[in-house]
Amino acid sequence: MDINGTYILNPAYYLRNDVKRCLIGAYDEARFPDLEFDSNITCHIHPANAQMLSFFDGKRTLAECITDIAGYFDLEQEQIKDILSNYIENPQRIFWPYKNQLIILPKNVLVDGGKYLRREYYNVDDFICGDDIDLSYGRQYKPLSAIFELTMTCYTDCIYCYADRKNPCAKKALSVEQIKKIIRDAKSIQLPELDINGGEVLMHPHFKEIALELVANGYFPLISTKAPISEEMMVFLKQNGLTKVQISIDSINPKTLATILNTNQQYFSRIKSTMDMLDEMGFDWQTNSIITKFNNSLEDEIIPLMSLLTQYKNIKSIRIGPAGFSLYKSPDFYNSIKPSLASIERIEQYIQELEKEERLKIDFVISSPDTENDYNSKRHKEQHFDHRSVCTGNQRSFVILPDGKVTICEELYWHPNFIIGDLTKQSILEVWNSDKAISLFNITQNKMQPESQCKMCGVFDKCRGYQGVCWKIIVGAYGPNNWSYPDPRCPQAPACLRKIYLE
């Protein structure tokens with residue numbers, strides 16, 4: 001700790017006033033690959049914690065910050081110095097008891113102001129809250145992230161498509177002015193993350209205008225695409241700071257791609273040219289590959305694909321995983337295209353061996369497959385269900401559909417039970433605090449279908465509380481009309497009506 005040095009809040013973190021408490025959260029780790037921080041964390045902190053951190057603007061020395069903070073809180077400077085010593089380049093998380101609750105701060109909160117720059121600074125008055133401080137974990141008073149599905153138009157026609165492209169609402173579209181208004185609304189409520197998706201975002205007729213509005217409001221989303229990108233578009237993206245790009249590539253065999261994506265024989269050469277240019281122009285790019293029965297051969301498909309991708313010098317991440325169950329394809333169709341469990345296990349083993357090669361500075365991410373054991377073995381479910389991931393939909397995040405409707409999950413689309421508002425008629429906060437959104441999060445047993453095991457379950461409130469259930473998996477396992485059934489990973493859940501898993 002250098003008393004005459006300058007420190008700033010780690011650029012990978014953000015502070016937010018959440019009405020009855022404040023938050024310190026982490027941006028997507030892909031945005032800050034060179035920083036040491038706790039990724040995927042959101043901590044509820046006392047307003048005083050956030051106010052102290054707001055003084056670190058990179059202009060004042062630590063000594064000056066201590067003097068100003070002590071004056072603001074009417075405390076002794078030595079007391080403030082002792083508190084701040086825990087914040088500066090702390091190697092571990094900080095845990096402080098507060099009444100009957102716990103304040104947690106992530107590691108490396110304050111960092112050397114001479115090494116890093118922040119895009120965002122704060123005012124101490126931004127974090128004034130009432131006396132009713134609530135540090136409990138549950139639904140955020142204000143949302144923290146959103147995905148804007150700009151269009152359902154696609155460049156390819158993937159056999160495993162997860163989108164509800166046949167829905168009549170898919171053809172409805174917001175005007176560019178309505179889209180820009182929503183982006184500005186997100187900024188006005190200090191929404192930390194606003195990502196875009198589709199469909200194919202680059203095929204939106206007003207993509208550039210929308211992209212400029214995003215950047216102007218401090219949003220630099222990942223551009224995920226299956227479409228070849230022109231040099232002119234790459235220059236536009238690079239000049240405006242949109243340097244995070246994901247290319248979806250399932251094979252390097254043109255015939256395989258034609259089968260999976262319904263593309264022509266020239267498609268692969270155009271996508272390879274796109275990857276070549278991304279690498280040459282210094283984009284921080286990544287790939288995503290979906291495995292079906294048509295490209296699950298390790299020797300004929302995966303090894304040649306990885307041999308190509310690992311030759312690029314600027315590729316940051318290679319993601320690969322099995323095709324999941326689509327809510328918008330028939331169960332029989334999914335079972336006709338999904339890869340075998342044995343093939344995915346072989347691919348996993350191969351990727352793990354690749355990760356050990358020291359020359360490869362690439363983040364390999366492989367999605368573990370869902371198996372029958374996950375859904376139909378009661379013993380397995382009893383061991384794992386309580387340790388399931390938290391569902392963030394309608395707890396901290398939401399999804400904007402192309403027509404302005406708001407849903408809680410990007411794969412549920414226009415399912416009526418999960419539409420919580422309409423941004424052509426409401427603001428983001430009006431949707432977030434709507435009766436539909438609140439009642440869905442706090443859903444009661446009397447809303448459950450009579451045949452659902454949840455109807456009489458003794459731990460219903462605990463189960464549906466902080467962790468929640470995966471509505472997408474429920475609809476996939478039991479059908480859209482049985483949306484109130486238990487999460488199929490629950491020990492009390494009935495056997496899946498559909499085979500949504502690998503075998």
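## Close-up views of a predicted model

**View 1. D68 sits in helix α2, which covers residues 62-73.** Helices here are DSSP runs of H or I with at least four residues, strands are runs of E with at least two, and both are numbered from the N terminus. This is a predicted model, so local features need a pLDDT of at least 70 and side-chain atom pairs count only at pLDDT 80 or more, while totals for chains, interfaces and linings use all residues. Residue numbers start from 1 along each chain as its sequence is written, and side-chain values use heavy atoms, with hydrogens and water left out. D68 has a relative accessible area of 31%, so it goes down as partly exposed. The labels work like this: buried is under 20% relative accessible area, exposed is over 50%, and partly exposed is in between, using a 1.4 Å probe and protein chains only. From D68 to I179 you go 111 residues along the chain, and the two C-alpha atoms are separated by 42 Å.

**View 2. I260 belongs to helix α7, residues 254-261.** Its relative accessibility is 0%, which is why I260 counts as buried. Go from I260 to S427 and you cover 167 residues in sequence and 40 Å in space, C-alpha to C-alpha.

**View 3. Helix α1, residues 47-54, is mostly covered.** Of its eight residues, seven are buried. The buried ones in α1 are P47, N49, A50, Q51, M52, L53 and S54.

**View 4. R16 and E120 form a salt bridge.** Their closest N and O atoms are 3.2 Å apart. The pair ties together distant parts of the chain, 104 residues apart: R16 is in strand β2 (residues 13-17), and E120 is in the loop between β7 (110-112) and β8 (145-149). Both partners are buried. A salt bridge means a side-chain nitrogen of Lys or Arg within 4 Å of a carboxyl oxygen of Asp or Glu. As background, side chains of opposite charge can pair when their charged atoms come close. The whole structure holds 26 salt bridges.

**View 5. R359 pairs with E357, and E503 pairs with K499.** For R359 and E357, the closest N and O atoms are 3.2 Å apart. R359 counts as exposed because its relative accessibility is 58%, whereas E357, at 30%, counts as partly exposed. In the salt bridge between E503 and K499, the closest N and O atoms are 3.3 Å apart. E503 has a relative accessible area of 45% and is partly exposed; K499 is partly exposed too, at 40%. Elsewhere, salt bridges that share partners join D18, R21 and D134 into one network.

**View 6. D28, E29, E355 and D363 make a patch of negative charge on the surface.** Patch members have over 30% relative accessible area and no salt bridge; like charges are joined within 9 Å, and nonpolar side chains (Val, Leu, Ile, Met, Phe, Trp, Tyr) within 5 Å. Lys and Arg count as positive and Asp and Glu as negative, with His and the chain ends not counted. Each charge is placed at NZ of Lys, CZ of Arg, CG of Asp or CD of Glu. D28 is in the loop between β3 (22-26) and β4 (42-45). With a relative accessible area of 42%, D28 is partly exposed.

**View 7. Y137, V390 and Y466 make a nonpolar surface patch of about 240 Å².** Accessible areas come from the Shrake-Rupley method with a 1.4 Å probe, and for residues only the protein chains shown count as cover. Y466 is in the loop between α16 (460-463) and α17 (471-478). At a relative accessible area of 38%, Y466 is partly exposed.

**View 8. N394 and Y413 have positive phi values.** N394 is not a glycine, yet its phi is about 65°. You'll find N394 in the loop between α13 (378-384) and β15 (397-400), and at 2% relative accessibility N394 counts as buried. Y413, also a residue other than glycine, has a phi near 45°. Y413 lies in the loop between β16 (405-407) and β17 (419-422), and with 5% relative accessibility Y413 counts as buried.

**View 9. The peptide bond from G198 to G199 is cis.** Its omega is near 20°. G199 is in the loop between β9 (193-197) and α5 (207-216).
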